[in-house]
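Please look over the sequence and the structure that follow before reading on. The report begins with how some words are used, and then moves from the whole chain to single residues.

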Amino acid sequence: MVLLSTSLSKRVCVVGAGPSGLVAARELRREGHSTVVIEQNHDVGGQWLYDPNVDGVDPMGKDITDGFLEVHSSMYSSLRIMSPREIMGYTDFPFSTKKGRDSRRFPGHTEVYLYLRDFCEWFGLRDMIRFNTRVEYVGMLGNYDQNGVVGKDHSIKWVVRSKENWQKNNNNINNVLVEEIFDAVIVASGHYSFPKFPSIKGMDSWKRKQMHSHFYRVPDPFRNEVVVIVGSSLSGQDLSMELVEVAKEVYLSSRSMDITEGFSKVIAKHQNLHLRQQIESIEEDGKVLFVDGSWAIADTIIYCTGYSYTFPFLDTKGIVNLDDERVGPLFEHTFPPSLAPSLSFIGIPKKIIGFPFFESQAKWIAQLLSGKRRLPSWDDMMQSIEEFYRSRELAGIPKPNTHDIADFEYCDRYGDYVGFPHLEEWKKQLCISSLQNYQSNLETYRDSYDQDQELLKEAFQSPHFTQFLADHPQLLAL
């Protein structure tokens, strides 16, 4: 992609101050844009800002108002990251250990929050952020026809309405609704908050406790209970291993009996942990029937069944749609062709090394808005999207997994749009090593990683770590 010399300053609104929103703010400032970041919580971090207070909130999310959840973070108290910290940092701000903090290679969620807070402070981003403010509406001001094609002059602007002093569980706050006009909007609101549920016969009439893992925090409320966990994803496995220590019995219901060696070891170790097939139905007396004919009388059902993309504030007149977890049409998971580059999304892709990828998205968006780079034509972008969809279908990948990337080559190709460096080989190998270790040693992989020693040596000698300290030698004394 051609790098142009033109530099234009735009007024940009970023929705969310999590990992993607913060790096967007940094890159927009570097390009000279006037930027406002709107964050509904009291601090930065997004999903990583742990919120222990779920009291008074419906554990099935039935008290959602106008599409908005009162609790954003899905973090539970004991959560530790799955990827090693060495690969998580932004390119010029390594996720290094600090004295007096969680120095583990796979630290808890608080350490990630502190890293994001450090990033915010280091690059002076806090003055760009409006905290305790929720975006209520984002809509277009411009020329577009009934087919959603913006006029050739691309004279589109965005009206953003936000509610100041928004706080959950507090109806006594004197909310202030603010309406502003922006040249561009970046949606960086995350996608691990809005609970997704299966459809199970009897779940609407079941009288006992049901909840989504979004609202799970600590194991003690389930002491001596019989708990059924629906879904054998990472969170389902984590919660199983935690609850088996306090619950009377734990039944993990999975769509597939083909489990990893590591999880097999966990099941063999605990007599009160049982793997079961999918649930056939649940009955009012507490009975949970599985499709294999077995059953259990449960006290609680926890749905570890994932999350849905949702943008309750966004009105694009049907130009951007959500179809079975596919957000589109989006060119390279970022730009709706008819609205680009004035509307963009950061953080839609899954199964990637997140922070560096968000950084590459942010750089591309910021430079497009300043006129330094250009997107392909509308026709070329739409053709690229259709070819991508077709390739996913041919590969047998269902529509809900459209944004599951799991491909280093794609991340490198994406970076080429903006001259972003390819992932270092040691990052790729550390990622693969941790995944293999997880599959073999589920309970211990975060604390046992002898096989990584040579890769770690290479990592710490790489410019990713050495250049930052070379540029800031004063930090060596800390």
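## Terms and source

Helices (H or I, at least four residues) and strands (E, at least two) are DSSP runs, and they are numbered from the N terminus. This is a predicted model, in which local features need pLDDT of at least 70 and side-chain atom pairs count only at pLDDT 80 or more, while totals for chains, interfaces and linings use all residues. Residues are numbered from 1 along each chain as its sequence is written, and side-chain values use heavy atoms, with hydrogens and water left out.

## The chain as a whole

The chain has ten helices and 21 strands. Its radius of gyration is 23 Å, close to the 23 Å that the globule rule gives for 478 residues, so the chain is as compact as a globular protein of that length; this radius is taken over C-alpha atoms, and the rule is 2.2 Å times the number of residues to the power 0.38. Along the principal axes, the C-alpha trace spans about 65 × 55 × 50 Å.

Of the 478 residues, 54% count as buried, a word that stands for under 20% relative accessible area, whereas exposed stands for over 50% and partly exposed for what lies in between (1.4 Å probe, protein chains only). Where contacts (heavy atoms within 4.5 Å) join residues at least 6 apart in sequence, 68% of them join residues at least 24 apart. The chain carries 51 positive and 64 negative side chains, and the centres of the two sets lie 2 Å apart. In this count Lys and Arg are positive and Asp and Glu negative, with His and the chain ends not counted, and the place of a charge is NZ of Lys, CZ of Arg, CG of Asp or CD of Glu.

## The loop between strand 20 and strand 21

Because its relative accessibility is 8%, Glu-332 counts as buried. His-333, found in the loop between these strands too, has a positive phi of about 60 degrees although it is not a glycine. With a relative accessible area of 4%, His-333 is buried.

## Two residues with polar contacts

Asp-220 sits in the loop between strand 9 (209–212) and strand 10 (226–230), where it is partly exposed, with a relative accessible area of 46%. A polar contact of 3.0 Å links its side chain to that of Arg-223; such a contact is a pair of N or O atoms within 3.5 Å, and within protein one must be able to donate a hydrogen and the other to accept it, while residues adjacent in sequence count only if both atoms are side-chain atoms. Asp-220 and Ala-247 are 27 residues apart in sequence and, from C-alpha to C-alpha, 8.6 Å apart in space.

Gln-367 is part of helix 5 (residues 354–369). Is Gln-367 buried or exposed? Gln-367 is buried, because its relative accessible area is 15%, and a polar contact of 2.5 Å joins its side chain to that of Arg-373.
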